[in-house]
Amino acid sequence: MIRDPENERMPRKDLENVQLRRLQARAKDVYEKVPFYRKAFKERKVTPEDVRSLTDLSRLPFTSKLDFRDNYPYGLLATPLNRVVRIHSSSGTTGKPIVAPYTQSDIDNWSDIMARTLVTAGVRSDDILQNAYGYGLFTGGLGFHYGAERLGATVIPTGGGNTKRQIILLQDLGTTVITCTPSYALILAETALDMGVDLRETKLRLGVCGAEPWSEQMRNDIEERLGIRAVNIYGLTEVVGPGVSVECERRCGMHIAEDHFLAEVIDPHSGDPLPYGEQGELVITTLTKEAQPVIRYRTRDIVSLDREPCDCGRTHVRMSRVTGRSDDMLIIRGVNVFPSQIESVLLEVEGVEPHYLIVVDRKNAFSSDELEIWVEVSDNVFSDEMQKMEKLEKRLRAEMDSVLGISARIKLVEPKTIARTEGKAKRVVDRSEVAP
Ligand code: ADP
Ligand code: ZN
């Protein structure tokens with residue numbers, strides 16, 4: 001059974017009391033047990049006793065991905081290694097991977113959090129859940145697996161890949177829920193179509209998708225192609241893995257599991273906390289993790305927070321869709337854009353497939369005058385006369401300019417020519433990585 005389900009609906013005052021108590025315990029923990037934190041606290045001239053209210057959180061030091069790397073592998077452990085029962089590692093999208101160790105209590109908590117998260121997403125104990133997140137070092141596979149089992153759903157642990165087999169299993173076993181990255185959901189739809197299977201006619205009804213940025217337009221596309229409701233879920237290895245936040249049935253942002261994760265949004269340049277509603281970098285402090293608690297982890301994910309009570313009755317704060325990571329931001333003639341913004345413009349245009357590549361010149365880092373975007377077009381547009389292609393290209397260029405204020409060279413490519421990835425999609429590539 002899931003512990004603490006009522007925590008989601010606690011009055012804010014009570015929730016804040018729980019948070020403060022847990023924060024004080026964690027601050028004490030890391031100060032006493034992790035030399036890295038003790039040093040960082042001392043540099044900021046704070047001690048755990050200085051944490052008297054939740055606003056004192058801003059006095060504590062930040063941690064960053066670099067600190068994880070500098071202390072690799074066990075430097076941030078707050079428990080003896082023999083209490084650690086499992087170690088995961090980040091997928092290393094942005095460099096050397098980092099490790100995440102868990103005690104048994106951490107695994108139990110995470111399973112409870114994930115079970116509650118899946119319920120919020122709409123999963124029930126009588127669902128048949130096909131888990132197509134990668135198993136192994138990546139937190140996705142086992143995170144969803146344990147949560148779904150704890151909830152009592154029937155889990156089919158397919159992992160990512162082997163797509164044809166997945167489609168067959170999905171039909172044969174009567175899968176009702178698919179859990180995978182948004183890009184893999186599209187691969188499933190595409191492969192099914194090739195096999196002559198219409199996923200809309202199967203029992204599949206729900207997708208719990210995350211681990212990478214995706215736009216509202218991408219969601220529409222996935223929902224239509226798979227005939228499901230697609231729910232956004234967010235998490236990161238440094239903090240726990242999946243389960244940090246998820247959308248409820250109201251779809252007005254993702255509820256953060258605030259009894260376990262304390263969230264702030266800061267100005268990424270000054271480090272100052274920003275008021276609710278303003279967009280900035282999400283910072284998370286873990287409140288219950290034992291093996292490797294983190295204090296004020298700078299996620300680099302750009303979001304805003306909404307504390308207004310949600311119609312669903314949950315009191316936990318909601319975070320907006322992640323526009324992107326601060327390090328994925330492109331600067332085109334001084335205009336800042338995220339790949340996901342480009343995606344939302346592309347997918348508004350008819351004849352465009354949800355597969356694209358943003359080609360940059362690494363020589364100029366991510367800053368340049370013009371951008372090249374490769375876009376797949378649908379079969380019927382591609383086989384049509386040249387004129388139609390030219391019109392589409394012109395339209396996309398104009399949309400980029402009018403909506404995002406950037407000039408982009410558009411290259412229309414044949415259907416299925418852009419490489420598909422089974423885990424997280426790679427949207428931005430260097431020119432040297434693609435044929436001219
Ligand atoms: P890596 O940093 O190697 O990719 P993780 O698997 O821990 O390793 O990835 C966590 C990151 O994935 C988050 O910080 C965020 O950037 C991204 N992410 C996860 N879920 C979502 C989501 N629902 N929407 C947008 N981005 C997401
Ligand atoms: Zn809600």
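This is a predicted model: local features need pLDDT of at least 70, side-chain atom pairs count only at pLDDT 80 or more; totals for chains, interfaces and linings use all residues.
For comparison, the ideal angle for four tetrahedral donors at a metal is 109.5 degrees.

Helix α7, which covers residues 182–194, is made of 13 residues and spans 19 Å from its first C-alpha to its last, a value close to the 18 Å expected at 1.5 Å a residue. Of these 13 residues, 11 are buried, so the helix is largely enclosed by the rest of the structure. The buried residues of α7 include P182, Y184, L186, I187 and L188, and E190 is also among them.

Attention now turns to charged side chains. Side chains of opposite charge can pair when their charged atoms come close. In this model the count comes to 36 salt bridges, where a side-chain nitrogen of Lys or Arg must lie within 4 Å of a carboxyl oxygen of Asp or Glu. One of them joins R150 to D112, with the closest N and O atoms 2.7 Å apart. This pair connects helix α5 (residues 139–151), which holds R150, to helix α4 (residues 104–121), which holds D112, and the two residues are 38 residues apart. R150 counts as partly exposed at 27% relative accessibility, whereas D112, at 6%, counts as buried.

A further salt bridge is formed by the side chains of E353 and R225, at 3.5 Å from N to O. Here the partners are 128 residues apart, with E353 in strand β17 (residues 352–360) and R225 in helix α8 (residues 216–226), and the pair therefore links distant parts of the chain. E353 is buried because its relative accessible area of 16% falls under the 20% limit, while R225 is partly exposed at 30%.

The side chains of D306 and R318 also meet in a salt bridge, at 3.7 Å from N to O. D306 lies in strand β13 and R318 in strand β14, 12 residues apart. In this pair D306 counts as partly exposed at 33% relative accessibility, and R318 counts as buried at 6%. Salt bridges also join into a network, which links R12, K13, E16, E258 and R307.

Two loop residues complete the description. S378 is placed in the loop between β19 (371–377) and α10 (379–382), and this residue is buried, with a relative accessible area of 13%. The C-alpha atom of S378 is separated by 8.9 Å from that of E350, although the two residues are 28 residues apart along the chain. Y74, in turn, is found in the loop between α3 (65–70) and β1 (84–89), and with a relative accessible area of 39% Y74 is partly exposed. Together with L81 and I87, Y74 makes a nonpolar surface patch of about 250 Å².

How values were computed: Residues are numbered from 1 along each chain as its sequence is written. Chains are lettered from A and ligands numbered from 1 in the order in which they are written. Side-chain values use heavy atoms; hydrogens and water are left out. Patches are made of residues with over 30% relative accessible area and no salt bridge: like charges are joined within 9 Å, nonpolar side chains (Val, Leu, Ile, Met, Phe, Trp, Tyr) within 5 Å. Accessible areas come from the Shrake-Rupley method with a 1.4 Å probe; for residues, only the protein chains shown count as cover. Helices (H or I, at least four residues) and strands (E, at least two) are DSSP runs, numbered from the N terminus. Buried means under 20% relative accessible area, exposed over 50%, partly exposed in between (1.4 Å probe, protein chains only). The expected span of a helix is 1.5 Å times one less than its number of residues.
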